Amino acid sequence: MFLLKLVEKGFVVFSLVFFTGAITTLMNGGAFPNADQSNPINKALSFKILLVVMLLIVVWHKKVIPVVSRENFLWVLVGIAVASIFWSDVPTVTLPKIINLIRTTAFGVYFAARFNLNEQLRLLAWALGIGALLSLVFALALPSYGVMGMGSIITTETIAHAGAWQGIYGHKNVLGRIMVLSAVVFLLVANNSRRYRWVAWAGFGLSVILILLSTSKTALIILLTIIALLPFYRALRWNYTLAVPFLITVVLVGGAVAVLLASNAEGILGVFGRDLSLTGRTDLWAIVLDKISERPWLGYGYGGFWRGWNGESADVWSVVRWEAPHSQNGFLDLWLDLGLLGLTTFALSFIALCLRAVSWLRQTKTAEGLWPLAYLTFLLLANITESSLLRQNFLWLLYIAVTLSMHNKSDNLAESNPFWQQKVKQGIRGGT
């Protein structure tokens, strides 16, 4: 039995590394693959992971069904994505993307039903720690893979960011984004476990170093923001008579700081090597909004817009004069793909999940109680200047897992709260 559990956890860690895109990138010579690029080994791994996950869902169906049946908005959103094949201009492009979405969603369902939040954090720490270590090794020993501009694949992108570390993820921004998650996970694990705490702190330190070496300023800002917010999130656990005045003070101070930053935006952005156009993003967003206005309600179908010079994206490229791979904003890309119907459904799901995460935080006492709210903060911030809603496999499966895990109170709250441990024990006794 112990061996089977070990093999299962090994499979989960390998799959998590795979979903970050690291393995696909390494098989593509260290370059982040384009939408048109495919690899037979990658396809074979994807298919085998799906088969194993479906088998495990069948094995653990008694835990899966109750968790899945309590969620609504999430399945409506997935249903809209699947249905979009009927209004997509290129159903042959949309179909494989839908299959990939279903595969990732299935893994997120299994991950949430099989493991509680504490176990999920530990498995994520293993997967992200492996990614961090391999990124360090590849950047130092094989810079043609791990450092942008050092490989045989030369593009305007690699030239522009020459010298920035990309690790095993194919682009400096992807490395930065994944390492932000890694730093947050290791920080929570370090505060939650006395055993091997030094390992967690080492993982946190390595993650921060890799963010700095990636030169991704957005990733650094997101990490600093989350770290700054964690004490405020902990304050939500206080008694209302203390929490309400504290949070009002935070809002007032935060508003004053926001006004100060907005009034000095040009100078502050200049420090980070940015301008008021956010490196051309605002111009791109304006053109994308024009394209959205052509199909505002249902969009262009899941994955049906950004198809290079062969699709609707050609109109955008011809105006902005650079080959943008996406909108550089997750919410705009979701609007492009699934229209206002999909964007509204996601917004409702996200708001409901935030409210649930706050309630969850108040019911827990340990560090993993902070994980749902911390992850939602990351997802929101990461999609302001990048695009990863329903697109980046790893981030989508974590959204699935976080959403469903908070429906699984019997496993998760009993793990993190002595009161719930006693309640579960009484329930077990009452049922015998």
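**Close-up views of helix H16 and its surroundings**

**View 1. The buried residues of helix H16.** In this predicted model, helix H16 spans residues 313-320, and Ser-313, Ala-314, Val-316, Trp-317 and Val-320 in this helix are buried. Seen down the axis of H16, these buried residues fall within an arc of 160°, so they line one face of the helix. Helix H15, made up of residues 281-294, is included in what covers the buried residues of H16.

**View 2. The contact of H15 with H16.** The axes of the two helices H15 and H16 come within 10 Å and cross at roughly 145°, and the crossing in which H15 passes H16 is right-handed. On the H15 side, the residues that meet H16 are Asp-283, Leu-284, Ile-287 and Lys-291, while on the H16 side their partners are Asp-315, Val-316, Val-319 and Val-320. Sorted by class, this contact of H15 with H16 has five nonpolar residues and three charged residues, with no polar ones. Val-316 and Val-320, which take part in this contact, are also among the buried residues of H16.

View 3. Although Arg-321 is not a glycine, its phi is positive, at about 65°. Arg-321 counts as exposed because its relative accessibility is 75%, and exposed means over 50%.

**View 4. Pro-325 in the loop between H16 and H17.** Pro-325 is found in the loop that leads from H16 to helix H17, which covers residues 330-363. With a relative accessibility of 51%, Pro-325 counts as exposed. The C-alpha atom of Pro-325 is separated by 8.6 Å from that of Arg-307, and these two residues are 18 residues apart along the chain.

**View 5. Thr-215 between helices H11 and H12.** Thr-215 lies in the loop between helix H11, residues 197-214, and helix H12, residues 217-235. Phi of Thr-215 is near 60°, which is a positive value in a residue other than glycine. Thr-215 has a relative accessible area of 38% and is therefore partly exposed.

**View 6. The chain around these details.** The chain has 21 helices and zero strands, and of its 432 residues, 48% count as buried. Among the contacts in the chain with a separation of 6 or more, residues 24 or more positions apart account for 72%. The accessible surface of the chain comes to about 20500 Å², and 69% of this surface belongs to carbon and sulfur atoms.

Key:
Residues numbered from 1 in each chain as written. Predicted model: local features only at pLDDT ≥ 70, side-chain atom pairs only at ≥ 80, totals over all residues. Heavy atoms only, no water. Buried < 20%, exposed > 50% of the residue type's maximum accessible area, 1.4 Å probe, protein only. Helix = DSSP H or I, 4+ residues; strand = E, 2+ residues; numbered from the N terminus. Arc of directions from axis to C-beta. Contact = heavy atoms within 4.5 Å. Axes fitted to C-alpha atoms, helices over the stretch in contact; angles between N-to-C directions. Left-handed = near helix turned anticlockwise from the far one by under 90°. Nonpolar A, V, L, I, M, F, W, Y, C, P; charged D, E, K, R; others polar. Areas by Shrake-Rupley, 256 points an atom, 1.4 Å probe, with all protein chains shown as cover.
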